[in-house]
Each structure stands twice: as structure tokens, then as C-alpha cells.
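This report walks through a few local features of one model. Look at the structure first, then read on.

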Amino acid sequence: MAQVLAQDGMLGVPVNVAYKGAGSGNEAAVYVRGKPADGYTILHANASWSGYMNLPTFEPSVEDFEYLARIEKFIYALGTHTAMPYQTFGDAVAAAKEKPGTLAVAGNKIGSIHHKHILSVFKAADAEAVHIPYEGSGDAVRDVLGQHVPLGLGSIGQLQPHVEAGNIRPLVVLNEERVAAFPDVPTPAELGYDYPISHQWQGIFLRAGTPEDIKGKLRDALTKLMDSPEYAEYLKNSPHVEKNFETDPAVLKQSLEDEISDYREFMQANGIL
């Protein structure tokens, strides 16, 4: 996005990516909050932010920012090593029911969208799984490959090469519809587990109070970016990504408030808060 936004006809100025790791997005949010509300420093955040906003360790608040644009969503699947006994997601559910609280599933950090994915799909199946938190889903997939955990959550793109190599068996795609990369892998609804799936969106935020004309310029540039050949090529090469573009301020504000509230209920119900 930074490369395309810098082009003439977009923003036409250099766009530099400043990596501010640690704190599950806390450091990046603190950094942007400390900059002027002039549109020159923007923040990338994702749906896991809605969970982290509820944690006492997360310093910024939602009132510090304005949700400028939702760009896309990432699609995940649960998979197991092909040497494991689970041929279907139903097999994993049966194992979880037979010995409640013993089936380990690797995923991203506590309070992340990955954590919510794992607990929600098993709850919909009336089963209990144990979420094993990792620094990222890449590490979770690594330990599935090493057979250190029986199941793990990964994006379609992370799992696909290992599925094609015959090392990982995808069991269920956590989406409303099947995906082209795994055409034979069912969704939860197809298996009879119908529940509202919380998706991992990727979005752009600004400091609260940024002038309207600046927000308009940034929205226009992002709209052009979404229709660019470069973004189309990116989608083609990213099987886990679906375009999910939205810039209506009222829609974005309400969706974020609803997600934070929903996350709070989820975290309280599962002993995170």
C-alpha cells in the first residue's frame, strides 16, 4: 500500500512504513497518538485491536483515533498434521468432547482474533478446546508441522504450501463460504455450526481531530489504490485475503464499537478479563 500510495495520481509523496512492534499494537497506537492530528502519520490496525482495547495493559483508547478505512479481511482455517488421527473437523470435535479441556489448538496471542476464532468454532460445536497462545500464527503453524500440537490456526496463505506438500490437512475454513485454495474444505455452517464469525479485518486509522479535507484526500487515494492493478495482483497472490473496503465514517465507527463490546463479552466469558 505504501508503494502505491506514493505514486503520482495517488498521494504523490513518499510513504514510509515505521514498524512499531510489541504490546499487540499498543506501541504503534501510542506512537500515532503522540503525533499531530494532521494526517501525516496514519496507523494500520486489525480486528485483534478490538480485543486488545479491552485489556488493562493497552494504553490508548478508541476515542484517540478515527477509523478512516477498512481495507480487507483475512481468512483462516484450522489444520492438523497429516500424521495426526483427525481426518475431519468432526473427529477433532469428538476428541474434544471425549476428554474436555485436553485438545490443544495453537493460535496467536491471548485476546487476538485467532483466539476468538478457535474458542468460538468449538463452542458452536458444543465442545471445549484449549487455546495455546503464540507470538503469531506463523509460529503456531510451525508447531503443527513439528507435531508439537495436534491442531493449529493459520491463514489460508500460511497453510496452503504445507497442504500442497502433503504435510498439513485443513479441517475447516473459518468463513461463510468455501475458498478457492481449499475447495473441498467445509465451512462451520456446512458442518451445522452456525454462528457469527468475527473476521480479521485490516484497517487504517488517524488521530482524532484530523481535518476533514485531509481525511477526504486520504480516502480518495485509498479508493484509487483498491482499484489499482497492483492491488489486484496482490489479491491474486494472497489466497487468504478478500477485499472488504469501507470508508463510511458512521458505518466504521459503529462496527468498531460493536466489535469492542462483543470482544469484551467474549473475553469475560472465557476468563481473559
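## Two loop residues

Glutamine 147 sits in the loop between helix H6 (137–145) and strand S6. Helices (H or I, at least four residues) and strands (E, at least two) are DSSP runs, numbered from the N terminus. The phi of glutamine 147 is near 60°, a positive value in a residue other than glycine. Most residues other than glycine have a negative phi. Glutamine 147 counts as partly exposed, at 40% relative accessibility. Buried means under 20% relative accessible area, exposed over 50%, and partly exposed in between (1.4 Å probe, protein chains only).

Aspartate 126 lies in the loop between helix H5 (113–124) and strand S5 (130–133). Its phi is also near 60°, a positive value. Aspartate 126 is exposed, with a relative accessible area of 63%.

## About the model

The model is predicted: local features need pLDDT of at least 70, side-chain atom pairs count only at pLDDT 80 or more, and totals for chains, interfaces and linings use all residues. Residues are numbered from 1 along each chain as its sequence is written, and side-chain values use heavy atoms, with hydrogens and water left out.

## An enclosed strand

Strand S3 covers residues 76–81. 6 of its 6 residues are buried, so S3 is largely enclosed by the rest of the structure. Tyr76, Leu78 and Thr80 are buried on one side, and Ala77, Gly79 and His81 on the other. In a regular strand the side chains alternate between the two faces of the sheet.

## Partners of S3

S3 pairs with S6 (residues 151–155) in the antiparallel sense, over 4 bridges. Two strands pair if DSSP finds at least two bridges between them. Glycine 79 has glycine 152 of S6 as its bridge partner.

S3 also runs antiparallel to strand S7 (residues 168–174), joined by 6 bridges. There, histidine 81 stands opposite isoleucine 168.
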